[in-house]
Amino acid sequence: VDALRAAVLTLGARAGVSRTLSRGVLAATLESQDVGGEASQLFDDLFAEMKEDAKAAARVRLLAPGVDPETLAASLMASYLGAVLHFTSSPRAGELVPILEPLVNASLAGALRKKRRK
């Protein structure tokens, strides 16, 4: 679970360094098949690692019953992509990590097994 959180927030911290650079990378990814293909491969590789981390969390029963590990990983990746799109396209958007972190926390909170009170 910590690895999932760290992966997404590290992406956010790196992309959040420069709104202009992140906007350029996003635009190039969408406009160029070559750049888009390379970016897609990087995200596919990261997504595969995130799915494995989520499956590991499920195996040790950190995830709530019925939570699909792949769906959790997809939700976290979608949170990142949505936050970076907002960060790069909205002139009123604040810093990226404060936009992203509540989304990550909400996805994880909904997926984690509730601790029993004694």
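Biologist: Helices here are DSSP runs of H or I with at least four residues, numbered from the N terminus. With that settled, how many helices and strands does the protein have?

Modeller: This is a predicted model, and please keep that in mind throughout. The protein has five helices and zero strands. Read from the N terminus, the order is α-α-α-α-α.

Biologist: What box do the C-alpha atoms fill?

Modeller: Along the principal axes, the box is roughly 50 × 30 × 20 Å.

Biologist: And what share of the residues is buried?

Modeller: Of the 118 residues in the protein, 31% are buried. The protein exposes about 7,600 Å², and carbon and sulfur atoms supply 57% of that area.

Biologist: What share of the contacts links residues 24 or more positions apart?

Modeller: That share is 72%, counting contacts in the protein with a separation of 6 or more.

Biologist: Which residues of helix 1 are buried?

Modeller: They are Leu4, Ala7, Val8, Leu9, Gly12 and Ala15.

Biologist: And which helices do those buried residues pack against?

Modeller: Helix 2, helix 3, helix 4 and helix 5.

Biologist: Let me pick one of them, Leu9. Why does Leu9 count as buried?

Modeller: Leu9 has a relative accessible area of 16%, and buried means under 20%. Setting aside residues up to four places away in sequence, Leu9 touches Val97, Leu100, Glu101 and Val104.

Biologist: Tell me about Ala83, then. Where does Ala83 lie, and is it buried or exposed?

Modeller: Ala83 lies in helix 4, which spans residues 69-89. With 2% relative accessibility, Ala83 counts as buried.

Biologist: What does Ala83 touch, beyond residues up to four places away in sequence?

Modeller: Leu96, Ile99, Leu100 and Leu103. Take Ile99: it is 16 residues from Ala83 in sequence, and the two C-alpha atoms are 6.3 Å apart in space.

Biologist: Nice link! Let's turn to the serines. Where is Ser107?

Modeller: Ser107 is in helix 5, residues 96-111. Its relative accessibility is 15%, which puts Ser107 in the buried group.

Biologist: Which residues is Ser107 in contact with, leaving aside neighbours within four places in sequence?

Modeller: Leu72, Ser75, Leu76 and Ser79.

Biologist: And Ser22, where is that one, and is it buried or exposed?

Modeller: Ser22 has its place in helix 2, residues 19-31. Ser22 is buried, with a relative accessible area of 11%. Apart from neighbours within four places in sequence, Ser22 is in contact with Ala15, Phe87 and Thr88. Ala15 is one of the buried residues of helix 1 that we listed.

Biologist: Changing topic: charges. How many positive and negative side chains are there?

Modeller: There are 15 positive and 13 negative side chains, and the centres of the two sets lie 15 Å apart.

Biologist: How many salt bridges does the structure hold?

Modeller: One. The salt bridge joins the side chains of Glu52 and Lys55, at 3.7 Å from N to O.

Biologist: How far apart are Glu52 and Lys55 along the helix?

Modeller: They are three residues apart in helix 3, residues 33-59, which means they are separated by about one helical turn.

Biologist: Where do Glu52 and Lys55 stand on accessibility?

Modeller: Glu52 is partly exposed at 44% relative accessibility, and Lys55 is partly exposed too, with a relative accessible area of 33%.

Biologist: One last thing. What is the phi of Arg61?

Modeller: Arg61 has a positive phi of about 60°, although it is not a glycine.

Biologist: Where is Arg61 found, and is it buried or exposed?

Modeller: Arg61 sits in the loop between helix 3 and helix 4. At 60% relative accessibility, Arg61 counts as exposed.

Notes:
Residues are numbered from 1 along each chain as its sequence is written. This is a predicted model: local features need pLDDT of at least 70, side-chain atom pairs count only at pLDDT 80 or more; totals for chains, interfaces and linings use all residues. Side-chain values use heavy atoms; hydrogens and water are left out. Helices (H or I, at least four residues) and strands (E, at least two) are DSSP runs, numbered from the N terminus. Buried means under 20% relative accessible area, exposed over 50%, partly exposed in between (1.4 Å probe, protein chains only). Contact means heavy atoms within 4.5 Å. Accessible areas come from the Shrake-Rupley method with a 1.4 Å probe; for residues, only the protein chains shown count as cover. Lys and Arg count as positive and Asp and Glu as negative; His and the chain ends are not counted. The place of a charge is taken as NZ of Lys, CZ of Arg, CG of Asp or CD of Glu. A salt bridge is a side-chain nitrogen of Lys or Arg within 4 Å of a carboxyl oxygen of Asp or Glu.
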